[in-house]
Amino acid sequence: MAKKILIVDDDQSIRDYLTTLFEDNGYQARSAGSGAEALKLLEQDAPDLITLDIEMPEMTGPWFSRTVAKGGTYDRIPVIVITGHAGLQYVIPKAVASLTKPFDQAELLRIVRETIGQ
């Protein structure tokens with residue numbers, strides 16, 4: 001069964017791009033345009049990995065991360081931060097990697113494979 005990735009980003013074009021990238025490489029991808037939407041998706045079907053934007057309306061990436069950590073159920077899901085703001089990529093201490101937009105797709109796929117496999 002394909003590994004599942006949850007994409008959390010308020011930019012629809014980034015969500016579409018990442019969905020295509022992951023699905024073309026054998027992963028199952030779901031996306032959320034906000035942290036609140038992502039929390040609902042987590043409850044429906046926990047992913048193997050999360051890509052997380054930092055600055056989003058309603059619920060920022062750090063707020064989402066803290067909310068997930070408090071619940072305990074999903075706090076072991078690896079997170080890759082993908083942000084457009086240099087310097088903010090390190091605000092999620094548990095992140096397995098942090099990339100700044102624009103990012104190298106080969107590097108992202110390498111990190112994903114090293115983290116959750118194929």
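Buried denotes a relative accessible area under 20%, exposed over 50% and partly exposed in between, computed with a 1.4 Å probe on protein chains only. The model is predicted: local features need pLDDT of at least 70, side-chain atom pairs count only at pLDDT 80 or more, and totals for chains, interfaces and linings use all residues. Residues are numbered from 1 along each chain as its sequence is written, and side-chain values use heavy atoms, with hydrogens and water left out.

View A. D9 lies in the loop between β1 and α1 (helices, H or I of at least four residues, and strands, E of at least two, are DSSP runs numbered from the N terminus). With a relative accessible area of 2%, D9 is buried. Its side chain forms a polar contact with that of K101 at 2.8 Å; such a contact is a pair of N or O atoms within 3.5 Å, and within protein one must be able to donate a hydrogen and the other to accept it, while residues adjacent in sequence count only if both atoms are side-chain atoms. Beyond neighbours within four places in sequence, the contacts of D9 (heavy atoms within 4.5 Å) include I14, D53 and I82.

**View B. Pairing of β1.** Strands β1 (residues 4-8) and β2 (residues 28-32) run parallel and are joined by five bridges; two strands pair if DSSP finds at least two bridges between them. L6 stands opposite R30 in β2. Four bridges link β1 in the parallel sense to β3 (residues 49-52), where L49 is the bridge partner of I5.

**View C. The open sheet.** Five strands pair in parallel in the order β2-β1-β3-β4-β5. Because β2 and β5 (97-100) stand at the edges, each with a single partner strand, one side of each is left without a neighbour in the sheet.
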